[in-house]
Amino acid sequence: MRTNTTETTPSELPATTMESFYFPSGEQSLFGWLHAPAGPQASVGVVICKPFGFEALCGHSSMRKFAEAAAGLGVPALRFDYLGTGDSPEIDPRADQVDRWTRDIVAAAAELRRRTGVERVCLVGIRLGALLAARAARDISGIAALFVIAPVVNGKRYLTELRTTRLAALMGMPPVAADNRFGGDVEALNPGLMEFTGYTFSADSIAALTPLKLSAADSPAGAEWFIVDRADLPVAKDFNESLVAAGVPSRCVALPGFVDMCLVSPQYAIVPMPMVEALREFLQGLVGGPQLAAGEAPRIPKSVIQGEGSAALSLPGDGPDSNLIERPVCFGTEAQLFGIVTEPAQGDSSRRAVVFPNTGTDFHMGASRMYVTLARTWARRGYYVLRMDFTGIGDSGGRPGRRDNDVFPAAALDEMRAGIKFMRDRYGIQELTLCGLCSGAYHSLRAAAAGLDVQRILMVNPQNYFWKDGAPLDEGMHVAEAVRNPGIYRQRVGSLQAWKRVFKGEVSLLRIARVYTVRSFLTLELALRDAARYLRIKLPQDLGWELEDIARRGIHIAFIFSTGELGIPLLKLQAGLSLKRLGERCPVHIIEGADHTFSRSGARSLMAKMLTQELMAGSSASGAGDTANRAAGGASGYQEFHLFSGVAHAESTSKNALRRTSSSEY
Amino acid sequence: MSVRVTVQSMFELVAKEQKRQLLPLTDELLLLNSGLDSLSLALIVARLEDSVGFDPFATIERFPVTFGDFVKLYEAHPG
């Protein structure tokens, strides 16, 4: 697939192209994007070596911006997904990822050369990607430079940081190994493997990474270094000095922006323009281009999807001759939308599809890469699955006049419509499901409420059911406080300690008053809405009416929540009496021990089973003739999907890990 | 500056950076309910290592439950 780029601001910037494809790395194929200048091309190219795990998810838009900045200077840039990450195929959970990903960088450099003919390569490595780039550079001829950002200089220290994150994430949770009640916990299944906020390192990877350090002795001959250290936590000064002492040309600057690029919730991620500008200046020096005048803002072309090629990835199916196909697609008439479709084995004529909209501003792979896993799982059961990016998110283009990285883009409904139309037109889809986490659930609900042609909506952890365009993201927090906090305050009213804090001024009485005021309004609103519903009077923005209307049109609805989610009491408050009316037509599942994004594999696996069960509910896929579905259920066929569907069974099996409640009981 | 004040300042700084609403830092405050997530807490630990010179989390198996427990880990360290 080839895309053209357009400018974010200045119209005189030269257009560049952005093309997605798969390329070989050993016996596997990897997914990548090539950002190439439309005009004269430099003899140097860039390979972007991404960070690991959550940092790669959060930093996706920055990785793209680095590539766009390079291409805008005439320097072609390739960014790609290591094996087992992003849109690339899965990796053996026992594999040494450090070794594998190092070889992936070498393969990416070879692919860049093959496609563009550049003579020399500059590796741009971020965090772990910097350490891997330094290792890979030894095996790449013609390395011009290494430009590294917040590099991991010490593998052991990096792992300690990851372990701390993991320990903190496990606060209040049962030990991980004990969470394998449903068989999906990757740590229990793979001894020595560790999961860090939804992303794993195998035992061999940990063993390989522990002794690794950035070393001047490993620097490839003739290469120069540019090190962007973290301003908040500088760690690379000693390494830079060792390079200089060894006679290697190297500079080191500490710049702000790393935390906002890679370590915040993705909806708050900010592209670190000082780092982008540092890269531009460095590349200009490398290729001999003109320098920006002092104070002149960098001008970076931005990509917009234009066309589609023939890139495709073959993935193993359930048996011989049952391979899946995965391909990048672009669609939309007004907007330039990008997505990846996973197609079932050839010959499958079921014509069922699932569309995943973005979760927050996570790009189309989803938190903990869950959309990739679900897409491939469901394609093996005969579904066509599209994971798409809204404009301004992930790899889609932008919309003039709208900001990027918007959780609730105003055009989301139009873009959902475009995704649905694309799937129906391209694949002749007859039965279509929308499925999303958090804001993805919200967008699915809005699409169904607006009458888009869907047959099922599966919503996981929605945090709101209505949204006012342009409202600040923390508006939801005020509602959260109003829903959650009164109970906490009531518990504390008899606590001497709590009253001491009030008198010491450590507690904001104004905040408590605000919480109760909002709560009172919500309760009053609920009573009024229930009265109106009873009288069959339809009020605007009435969730209960909307759900009933959706169900009346024959659309299957299901909610899945983690325990303690704000969306649970909010659903009760905003849908009220209608939940009782809907009964089994609107099941609500609650999974205990799960966090908002299901960052633990055990809980994620259970959530996936629940979604699969709801996907099959009432579907042609659950019919007697569906052999794939029966096979997936094992000897008992479809019944496996009912394992978690009864309260009594859940209690006896899972120690309350899961509760399924019809909305009438709820 | 005492260890407690250093720790407290770091909590407040990271909460601000992460756009998170931090509850008042009392010894009884459950970290789970503090308003910070695991990434924020890990960032605090990494920066504290930079400023106090040690990382008490390198050897422990369970994360402290309350803010008071967290501070004690640093106060008790011989480092």
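This is a walk through the cavities and salt bridges of the structure above, with something to select at each stop.

Before you start, know that this is a predicted model, where local features need pLDDT of at least 70, side-chain atom pairs count only at pLDDT 80 or more, and totals for chains, interfaces and linings use all residues. Residues are numbered from 1 along each chain as its sequence is written, chains are lettered from A in the order in which they are written, and side-chain values use heavy atoms, with hydrogens and water left out.

**Stop one: the largest cavity**

Select A:Glu55, A:Leu162, A:Thr165, A:Leu263 and B:Leu39. Of the 16 residues that line the largest cavity, these lie nearest its centre. A cavity is a set of points on a 1 Å grid over the protein atoms alone where a 1.4 Å probe fits but cannot get out, and lining residues have an atom within 4 Å of a point. The structure holds eight cavities of 30 Å³ or more, and the largest has about 200 Å³ of space. That volume is the space filled by probe spheres set on the points, which are joined across faces, edges and corners.

Now colour helix H1 (54–58) and helix H5 (155–169) of chain A, plus helix H2 (38–52) of chain B: these elements each give two or more residues to the lining. Helices (H or I, at least four residues) and strands (E, at least two) are DSSP runs, numbered from the N terminus. Which element gives the largest share of this lining? H2(B) does, with four residues.

**Stop two: the second largest cavity**

Next, select A:Arg166, A:Leu170, A:Glu195, A:Thr197 and A:Arg600. They lie nearest the centre of the second largest cavity, which has 12 lining residues. H5 and strand S8 (194–196) of chain A each supply two or more of them. The space here is about 100 Å³. Colour chain A by domain, with bounds from an automatic or database domain assignment: at least three lining residues come from each of domain 1 (17–172 + 180–291 + 298–305) and domain 2 (321–466 + 541–665).

**Stop three: salt bridges**

Side chains of opposite charge can pair when their charged atoms come close.

Pick A:Glu90 and A:Arg369, whose closest N and O atoms are 2.9 Å apart. This pair links distant parts of the chain, 279 residues apart. A:Arg369 is buried (under 20% relative accessible area; exposed is over 50%, partly exposed in between, with a 1.4 Å probe and protein chains only), at 7%. A:Glu90 is partly exposed, at 40%.

Move along to helix H3 (97–116) of chain A. A:Arg115 and A:Glu111 both sit in H3, four residues apart, about one turn of the helix. Their closest N and O atoms are 2.6 Å apart. Is A:Glu111 buried or exposed? A:Glu111 is buried, with 5% relative accessibility.

**Last stop: across the chains**

Finally, show B:Arg47 and A:Asp232, which meet in a salt bridge (2.6 Å, N to O). B:Arg47 lies in helix H2 of chain B and A:Asp232 in a loop of chain A, so the pair joins two chains. B:Arg47 is buried at 4%, while A:Asp232 is partly exposed at 24%.

Note on methods:
On a 1 Å grid over the protein atoms alone, a cavity is a set of points where a 1.4 Å probe fits but cannot get out, and a pocket is an open set with protein on both sides within 12 Å along at least five of seven lines; lining residues have an atom within 4 Å of a point. A salt bridge is a side-chain nitrogen of Lys or Arg within 4 Å of a carboxyl oxygen of Asp or Glu.
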